[in-house]
Amino acid sequence: MTNTFDRRDLLVTAVGGALLTQCSAESERAPQPPKRPVVVSTWEHGLAANEAAWQILEQGGGALDAAEAGVRVTEADPSVTTVGIGGLPDRNGRVSLDACIMGPDGDCGSVAGLEETLHPISVARRVMEQTPHVMLVGQGAQDFARSQGFEAVDLLTPEAEAAWREWRATGEEAPVIDAENHDTIGLLALDQQGDLAGACTTSGAKFKLPGRVGDSPLIGPGLYVDNEVGAATATGWGEAVIRAVGSFLVVERMRAGRTAQQACEDAVDRVISKNPDWRSIQVGFIALSTAGDVGGFCIDRGFEFAVRDGERGNVLLPGPSRL
């Protein structure tokens, strides 16, 4: 039997095989289609917020509407003692709320020290859309809310008042922010059109000094959205986040090529470098890229974040930590 397989055949076979191998490798390296839509939010109470946001996103709604609708659920839940109604008061027994919102066009709005108003996130959106300003605070924010039709609401629940009276009787200093006093819900949304938005809302650190404002209503530290790169939001001890301009840093690290997870880790390390007492505080970040890549990281154990997408459903994930 004659073997007709000559050098020419061998060359063609080798080249063809190399091309197949190269094409296979290039296929594996090829960018995957983005995951859309996606919602990610902080802590266990983010699960309910995610569902509200998802109802808008799966019907083709925008990321900004979804972000606002999601955190409104938490603001209206009196069982969450760090956000909205039921939030624990300041040292004088008054509940004041902070919130900010940012959309895909880079526009943003914020309120701080807002009292007697159930949905500070919606007031923040009105600031963004109805005024030339970004931030209103205190009585000015409250007057604006009333002018926009937001009714006065007593935010101090009997349970929150009882906790405040019990704390005042001890004479102790306000506790640090930890897994039991995590003070925010931050939510990031990516819609079917590929647009990003975020919202962050809080009643602040429990038993805080009157007038204290943390990172949550601050664009840059508490929340940042760049529709070309990604979005990030923070939770934990706001003073530490402010020192590192944390959420903006996360987005900039993603811009430099880091994954959402790596960017969150970088920001936590920056917080650690700026705060000598970092072992006694808790700070965490979550991030969402334009491709639907999700990340979360914190200083100490106990942090959790909720993710809602079409593959996993609505799941609560443990946040990896530095400690």
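**Figure 1. Helices α4 and α5 in a predicted model.** The axes of helix α4 (residues 120-130) and helix α5 (residues 138-147) come within 10 Å of each other and cross at roughly 80 degrees. This angle makes α4 roughly perpendicular to α5. On the α4 side, the contact is made by Val123, Arg126, Val127 and Gln130. Ala141, Phe144 and Ala145 are the residues that α5 brings to this contact. Sorted by type, the residues of the contact of α4 with α5 are 5 nonpolar, 1 polar and 1 charged. The structure shown here and in the other figures is a predicted model, not an experimental one.

Figure 2. Helix α4 is mostly covered, with 8 of its 11 residues buried. The buried residues are Pro120, Ile121, Ser122, Val123, Ala124, Arg125, Val127 and Met128. Val123 and Val127, listed here as buried, also take part in the contact with α5.

**Figure 3. Helices α2 and α3.** Two packed helices are described by the angle between their axes and the distance between the axes. For helix α2 (residues 46-57) and helix α3 (residues 63-75), the axes come within 7 Å and the crossing angle is roughly 150 degrees. Because angles over 145 degrees count as roughly antiparallel, α2 is roughly antiparallel to α3. The crossing of α2 and α3 is right-handed.

**Figure 4. Residues between α2 and α3.** From α2, the contact is made by Ala48, Ala49, Ala52, Ala53, Ile56 and Leu57. From α3, the contributing residues are Ala63, Asp65, Ala66, Ala69, Gly70, Val71, Val73 and Thr74. The residues of the contact of α2 with α3 divide into 11 nonpolar, 2 polar and 1 charged.

**Figure 5. The chain around the close-ups.** The chain has 323 residues, of which 50% count as buried. Its secondary structure consists of 9 helices and 12 strands. Among contacts between residues at least 6 apart in sequence, 65% join residues at least 24 apart. The accessible surface of the chain comes to about 14500 Å², and 51% of this area belongs to carbon and sulfur atoms.

Technical notes: Residues numbered from 1 in each chain as written. Predicted model: local features only at pLDDT ≥ 70, side-chain atom pairs only at ≥ 80, totals over all residues. Heavy atoms only, no water. Axes fitted to C-alpha atoms, helices over the stretch in contact; angles between N-to-C directions. Helix = DSSP H or I, 4+ residues; strand = E, 2+ residues; numbered from the N terminus. Parallel < 35°, antiparallel > 145°, perpendicular 65-115°, else oblique. Left-handed = near helix turned anticlockwise from the far one by under 90°. Contact = heavy atoms within 4.5 Å. Nonpolar A, V, L, I, M, F, W, Y, C, P; charged D, E, K, R; others polar. Buried < 20%, exposed > 50% of the residue type's maximum accessible area, 1.4 Å probe, protein only. Areas by Shrake-Rupley, 256 points an atom, 1.4 Å probe, with all protein chains shown as cover.
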